[in-house]
Amino acid sequence: KPRAVDARTALEQTSHNLTTININSLLASARELKQQERWHAALEKYKAALRLDSSLAGAQEGQQLTTLRSQLHDRLEQILAQPRRLYDAKVYRESIDFRNKLGALSNPGPVLKKQLFSLGKLLQKADTPVQVRMQSDNLTMVTLRKVGELGLFHEKTLLVRPGKYVAVGIRQGYRDVRIEFSVDPDKPALRIIVQAAEKIALG
């Protein structure tokens, strides 16, 4: 009797029970993945539960939380994967603000704590001055952009933060020189020679 009311009711009840079991299983998996700080995997579980029942308040809240945490996790991993970008002053300041934002999260797990520790070490490294030896001919007026005018000299030793710099040398009657260089804490004892040695031909 395929059209019997009792049969249809029983099938509907069975389907409902199976859906409930699936939802409960998905939510349990999502909670476990959250504990492991596997935010992307947890997010997929919440999405799957909502596809079965879009009215689930717990799954909606879980989806919002895991979406945010997965985005924060991805951005943090991106910073850690490109440490030399922290030598840029703007990126450095943004990363400081981002670290402070993450540090304010309640109950950070071991994964986040490890990431924050690594980020702290990279930020400290990016803010530690590096020694640079500047050499010239005492006839060229030297300016180091982002630092200032260095004047005339044979040799000067500077301490500057890691990053990209431009040294400009000017001498009357000679062609200006422009030296671009990068300061890297992993490559100390950098020597930069700036001297205008090419005479400008007259007439």
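In the predicted model, a salt bridge is formed between the side chains of Asp186 and Lys125, with an N to O distance of 2.7 Å. This pair links distant parts of the chain, since Asp186 belongs to the loop between strand 6 and strand 7 whereas Lys125 belongs to helix 5 (residues 110-126), the two being 61 residues apart. Asp186 counts as partly exposed because its relative accessibility is 44%, and Lys125, with a relative accessible area of 31%, is likewise classed as partly exposed.

The structure holds nine salt bridges, and another of them joins the side chains of Arg84 and Asp184 at 2.9 Å, N to O. Arg84 is placed in the loop between helix 3 (57-81) and helix 4 (89-103), and Asp184 in the loop between strand 6 and strand 7 (190-193), so this contact ties together parts that are 100 residues apart in sequence. The two partners fall into separate accessibility classes: Arg84 is partly exposed at 48% relative accessibility, while Asp184, at 11%, is buried, given that the cut-off for this class is under 20%. A further salt bridge pairs Arg175 with Glu198, whose closest N and O atoms are 3.4 Å apart. Here Arg175 lies in the loop between strand 5 and strand 6 and Glu198 in the segment after strand 7, so that parts 23 residues apart in sequence are tied together. Arg175 has a relative accessible area of 43% and is partly exposed, as is Glu198 at 48% relative accessibility. Through salt bridges that share partners, Arg84, Lys125, Asp184 and Asp186 are joined into one network.

With regard to overall architecture, the secondary structure of the protein comprises five helices and seven strands, arranged along the sequence in the pattern α-α-α-α-α-β-β-β-β-β-β-β. The radius of gyration is 31 Å, well over the 17 Å that the globule rule gives for 203 residues, so the protein is more spread out than a compact globule. The C-alpha trace spans about 110 × 40 × 20 Å along its principal axes, and buried residues account for 32% of the 203 residues.

Among the strands, an open sheet of four has the order 3-2-5-6 with antiparallel pairing. Strand 3 and strand 6 are the edge strands, each of them pairing on one side only, and the twist from one strand to the next averages 25 degrees. Within this sheet, strand 5 (residues 163-170) is mostly covered, six of its eight residues being buried. The antiparallel pairing of strand 5 with strand 6 (residues 177-183) extends over seven bridges; Gly163 has Val183 of strand 6 as its bridge partner, and Gly169 stands opposite Val177. In the hairpin of strand 5 and strand 6, six residues are found between the strands, and Gly173 takes a positive phi near 85 degrees.

A nonpolar patch on the surface is formed by Met141, Leu152 and Ile170, which together have about 250 Å² of accessible area. Of these residues, Leu152 is located in the loop between strand 3 (148-151) and strand 4 (155-160), and Leu152 counts as partly exposed because its relative accessibility is 45%.

Definitions and conventions:
Residues are numbered from 1 along each chain as its sequence is written. This is a predicted model: local features need pLDDT of at least 70, side-chain atom pairs count only at pLDDT 80 or more; totals for chains, interfaces and linings use all residues. Side-chain values use heavy atoms; hydrogens and water are left out. Buried means under 20% relative accessible area, exposed over 50%, partly exposed in between (1.4 Å probe, protein chains only). Two strands pair if DSSP finds at least two bridges between them. Patches are made of residues with over 30% relative accessible area and no salt bridge: like charges are joined within 9 Å, nonpolar side chains (Val, Leu, Ile, Met, Phe, Trp, Tyr) within 5 Å. Accessible areas come from the Shrake-Rupley method with a 1.4 Å probe; for residues, only the protein chains shown count as cover. A salt bridge is a side-chain nitrogen of Lys or Arg within 4 Å of a carboxyl oxygen of Asp or Glu. Axes are lines fitted to C-alpha atoms, for helices over the stretch in contact, and angles run from 0 to 180 degrees between N-to-C directions. The radius of gyration is taken over C-alpha atoms; the globule rule is 2.2 Å times the number of residues to the power 0.38.
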